[in-house]
Amino acid sequence: MWLLLVLLPVAVLPARGCRAPEEAAVRVLSARLLGLAEEPGLDADPGVYVGLRLAGDHDLHAERRYLERLQDAFQGRYGRSLGSDSHSSHGHRHRDAKHSKDTRAASQWPETGRLALYLLGLRASCPPPDPGPQRFLVTWLKYYLEKDWAGSRRHGHPLTSYYQYSLGVLALCVHGKRVREEVIQRLLVAEQHRRFRHAGSSAVDTEAVAALAFACLEREQLVRSRLAAELRAAVRGIRARFVAAQSEDGFIGNVFSTPLAMQVFIATDKCRTHTAYGRAMAALLQRLDAFTSAAAMAQALPVLHGRSYLDIASMQCKEEPDTLKPLAIEPLPVGPGNMMVRLVVECPVAQCPQHLLYDLPVPVPTGASLLDLLGAAPAQGPQNFTFETQDTPQGPFLTSVLGLAAQPQERHYWQLLGGLGSSLQMGVADYRPEDGETVILRLSKW
Ligand code: B12
């Protein structure tokens with residue numbers, strides 16, 4: 001009986017391979033992502049473009065417009081050599097604002113992940129062979145990988161994260177670019193020592209992207225045979241851990257890391273043979289409604305079409321169905337009726353004035369989001385409840401509470417937790433607390 005239950009979801013996968021069987025639901029997700037991509041006011045995000053390109057249906061005109069927006073944002077900044085950047089930032093005293101922003105790139109925090117996703121997106125658009133501007137992008141990305149690593153030598157982790165570092169290695173590989181063996185070794189050693197996990201989250205997302213980078217390097221034969229064997233062993237190990245970690249309901253990590261984990265099975269040609277893949281696909285199809293932010297949708301779409309980021313390396317962009325129409329997302333209903341949620345703010349790090357900063361019940365309409373709740377939180381004593389968010393492709397990211405801004409350089413962030421202390425799996429805009437629940441905002445280190 002137990003065996004039957006385990007095998008049942010696999011049965012819903014048709015013989016045609018690694019794609020999702022429910023085409024209508026998948027098309028709706030594509031259409032929703034396109035709708036979000038066209039929303040005015042949101043910055044273009046390279047991850048969203050990659051998701052649109054790896055889907056089955058397209059609106060080629062809208063995708064071209066989106067790529068132009070990305071090019072506006074990236075080419076100005078990275079479309080010139082590193083040398084010319086530092087030269088101009090020292091050489092000219094009077095610069096316009098945009099130029100000044102562009103030329104600050106070299107001295108700023110590395111943008112490893114965004115630049116990597118942009119390079120992946122660019123290759124997924126099948127550009128005419130014009131190595132000029134792309135060469136600069138590749139040089140910038142190699143520079144960021146080094147800059148990221150300088151942080152690692154000092155703090156024991158890349159300045160951005162292993163997730164972004166892995167994306168960087170992956171993007172260079174998809175472009176067929178060799179990197180110094182040491183750059184790959186750093187990631188391999190981190191993986192072998194299980195350094196990807198950080199407080200408040202599982203390591204699955206990062207392990208998956210690192211495995212994709214390793215699989216790519218091996219497939220594209222960009223490393224010597226001894227290193228290739230080590231990378232192959234690392235990918236095998238990660239895949240085995242994913243199988244072991246798969247929950248009874250089919251997810252690997254959580255619902256949002258499952259698509260990235262599934263890409264590893266596709267990239268290593270194991271999606272047809274491993275039952276874990278079929279179970280994960282069945283589980284994912286049950287929870288497509290959880291994918292509400294553009295970034296999350298863009299991460300889910302490739303696997304629903306049986307594709308991984310490695311497929312970008314061989315994309316031809318021919319005979320793509322130009323049939324997709326954007327779909328707006330209906331806002332979820334709020335109310336009628338009210339509920340009460342307890343809001344707690346904790347500040348357990350050294351910079352805090354005291355540990356418990358806020359603890360009050362907040363009345364809000366039933367179905368309100370955590371963001372609505374923060375907006376409705378009353379003053380405690382003389383102090384008003386204040387908070388700030390920053391827009392990201394995942395939605396609004398909580399950056400500051402009661403005047404205390406989390407310092408990203410110190411790896412501090414405002415963590416969202418349930419009353420029992422478990423980390424929430426959604427951001428402030430998506431999480432909808434229930435009546436009587438407690439939500440904790442805690443300044444944490446990751
Ligand atoms: C690294 C990481 C973090 C780091 C980011 C800091 C840093 N310097 O890298 C830290 C630890 C701070 C973090 C925090 C959180 N994260 Co996080 N994070 C990731 C991870 C592993 C990689 C993100 C990344 O670098 N992408 C590449 C860059 C190029 O893309 P980007 O869009 O520019 O990335 C930035 C934003 O995404 C932002 N960010 C990171 N996480 C989250 C979560 C939310 C909800 C928002 C709005 C923004 C955001 O920080 C990134 C780096 O600047 C992803 C995994 C994934 N599958 O995407 C999870 C992921 C995005 N996080 C997730 C979650 C749930 C959270 C938290 C809500 C956890 C919590 N309970 O507190 C908090 C956010 C709370 C808040 N203050 O609003 C979920 C989002 C799920 C969803 N519903 O969409 C993911 C998908 C993990 C998962 N599998 O569940 N995260």
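Two strands count as paired if DSSP finds at least two bridges between them. The model discussed here is predicted.

Q: How many bridges join strand E1 to strand E2?
A: Strand E1 covers residues 338–346 and strand E2 covers residues 356–365. The two run antiparallel, and Met340 stands opposite Pro363 in E2. The number of bridges joining E1 to E2 is 9.

Q: Do E1 and strand E7 pair in the parallel or the antiparallel sense?
A: Strand E7 spans residues 438–445 and is joined to E1 over 5 bridges. Glu346 stands opposite Arg442 in E7. The sense of the E1 and E7 pairing is parallel.

Q: Which residue in E4 is the bridge partner of Phe387?
A: E3 and strand E4, residues 395–401, pair in the antiparallel sense over 6 bridges. In E4, the bridge partner of Phe387 is Val401.

Q: Which residue has a polar backbone atom 2.8 Å from a nitrogen atom of the ligand?
A: An N or O atom in the side chain of Gln164 is 3.5 Å from an oxygen atom of the ligand. A backbone N or O atom of Gln425 lies 3.2 Å from a ligand nitrogen atom. The 2.8 Å distance to a ligand nitrogen belongs to a polar backbone atom of Trp414.

Q: How many residues of the shell around the ligand are charged?
A: The ligand has 29 residues around it, and Asp205, Asn254, Trp414, Leu416 and Leu424 come nearest. By class, the shell holds 14 nonpolar and 13 polar residues. The number of charged residues in the shell is 2.

Q: What is the volume of the largest cavity?
A: The count of cavities of 30 Å³ or more comes to 1. The lining of the largest cavity consists of Trp109, His155, His157, Leu159, Pro408, Gln409 and Arg411; by class it has 3 nonpolar, 3 polar and 1 charged residues. Domain 1 (8–314) and domain 2 (338–445) both contribute to this lining, so the cavity lies between them. The volume of the largest cavity is about 40 Å³.

Q: Which element gives the most to the lining of the second largest pocket?
A: About 400 Å³ of space lies in the second largest pocket. Of its 25 lining residues, Arg19, Leu304, His305, Gly306 and Arg307 lie nearest its centre. Helix H2 (23–37) and helix H13 (258–267) are the elements that give two or more residues to this lining. With 3 residues, the element that gives the most is H2.

Q: How many residues in the lining of the second largest pocket are charged?
A: The lining of the second largest pocket includes 9 nonpolar and 5 polar residues. The number of charged residues in this lining is 11.

Note on methods: Residues numbered from 1 in each chain as written. Predicted model: local features only at pLDDT ≥ 70, side-chain atom pairs only at ≥ 80, totals over all residues. Heavy atoms only, no water. Helix = DSSP H or I, 4+ residues; strand = E, 2+ residues; numbered from the N terminus. 1 Å grid on protein atoms, 1.4 Å probe; cavity = no way out; pocket = protein on both sides within 12 Å on 5 of 7 lines; lining within 4 Å. Points joined across faces, edges and corners; volume = space filled by probe spheres on them. Nonpolar A, V, L, I, M, F, W, Y, C, P; charged D, E, K, R; others polar. Near = heavy atom within 4 Å. Polar contact = N/O pair within 3.5 Å; in protein donor to acceptor, adjacent residues only side chain to side chain. Domains from an automatic or database assignment.
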